[in-house]
Amino acid sequence: MVFPVIKVETGVTLLGGGNSTPAMVSQALTQAKTLVAADGGAQIALDLGHMPDAVIGDFDSLDSKARTAIEASRFYHVPEQNSTDFEKCLTRIEAPYLLGVGFLGARVDHELAVLNAVVRHPERKIVLLGTHDICVHLTSPLSIRLPIGTRVSLFPLSRVTGRSVGLTWPIEGIEFAPDGRGGTSNEACGTQVDIEMDGDGMLLFLPVEALDALLKALGIKAL
């Protein structure tokens, strides 16, 4: 049984070793002040001037400089190779929500593994922040206010159906599947978009500029 090593009543910023910018990390920390680094994300945190509250992973990509600079008590070594560092973090953090930075836009296999983990943990509220996109797993009905013309992309990682209001191309009556129909490059045709899926497995991608709107729609209040 896995026990959490980080327990907080607010959000956690989870930093990976992929693509990120100082602005992305700062934006996430403004909303979720506890910083957890996934393995090699520890050095990125230090390079950006942030000391992680914890470092979790198998440490196969942990920089020696990070080992020296970070207090030993903040390291949580998980040597097993049956899960990714991202999932090792998910199963050891207890928090209302996580903002994941540095998990989108780098190696495709790593990105797919992260998206797979997000879908396999529907009980967790996770928003992934990338350079161009943000992503969330649609596990409950979502009502979000967006400027008309905003890109709204839907990509299924399981077979699922649903319905929508406020999209240029409504999704009702479509059976989505990872090896079949997707819903990329849809767009908002009204100021409010409502999406409800009949099961888990649908990922929503929005432009990074829609982060505040998405957090509000998810019930995540600004600090």
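Tutor: Let's start with a definition: contact means heavy atoms within 4.5 Å. Axes are lines fitted to C-alpha atoms, for helices over the stretch in contact, and angles run from 0 to 180 degrees between N-to-C directions. This is a predicted model, in which local features need pLDDT of at least 70 and side-chain atom pairs count only at pLDDT 80 or more, while totals for chains, interfaces and linings use all residues. Residues are numbered from 1 along each chain as its sequence is written, and side-chain values use heavy atoms, with hydrogens and water left out.

Student: Which strands does helix H1 lie across?

Tutor: Helix H1 (22-31) lies across S2 (12-15), S3 (34-38), S7 (98-101) and S8 (126-129). Against S7, the helix runs at about 170 degrees.

Student: What makes S5 and S13 edge strands?

Tutor: Strands are DSSP runs of E, at least two residues long, and helices are runs of H or I, at least four, numbered from the N terminus. Two strands pair if DSSP finds at least two bridges between them. The open sheet of 10 strands has the order S5-S4-S3-S2-S7-S8-S9-S15-S11-S13, with mixed pairing. Strand S5 (75-77) and strand S13 (183-187) each pair on one side only. Neighbouring strands here are turned by 20 degrees against each other on average, direction ignored.

Student: How do you know that S11 pairs with S13 and with S15?

Tutor: By bridge counts: three bridges join S11 (151-156) to S13, and four join S11 to S15. The rule asks for at least two, so S11 pairs with S13 and with S15. Both pairings run antiparallel. Leu-154 has Gly-183 of S13 as its bridge partner, and Ser-153 stands opposite Phe-205 in S15. S15 (202-207) also pairs with S9 (133-137), in the antiparallel sense over five bridges, with Ile-134 partnered by Leu-206.

Student: Why is S10-S14-S12 called an open sheet with antiparallel pairing?

Tutor: The sheet has three strands in that order, and its edge strands, S10 (142-145) and S12 (162-165), each pair on one side only. S10 and S14 (192-197) pair in the antiparallel sense over four bridges, with Ile-144 opposite Val-193.

Student: What makes the space beside Gly-17, Ser-61, Asp-85, Phe-103 and His-110 a pocket?

Tutor: On a 1 Å grid over the protein atoms alone, a pocket is an open set of points with protein on both sides within 12 Å along at least five of seven lines, whereas a cavity is a set where a 1.4 Å probe fits but cannot get out. Those five residues lie nearest the centre of the largest pocket, which has 25 lining residues, meaning residues with an atom within 4 Å of a point. About 500 Å³ of space lies in this pocket. Helix H5 (108-120) gives the largest share of the lining, four residues.

Student: Why is the Phe-59 and Phe-75 pair called edge-to-face?

Tutor: Rings of Phe, Tyr and Trp (its six-membered ring) pair if their centres lie within 6.5 Å; planes under 30 degrees apart count as stacked, over 60 as edge-to-face and the rest as tilted. Phe-59 and Phe-75 are 5.7 Å centre to centre with 80 degrees between the planes, so the pair is edge-to-face. Phe-59 sits in the loop between S4 (54-57) and H3 (64-69), and Phe-75 in S5, 16 residues apart.

Key: Grid points are joined across faces, edges and corners, and a volume is the space filled by probe spheres set on the points.
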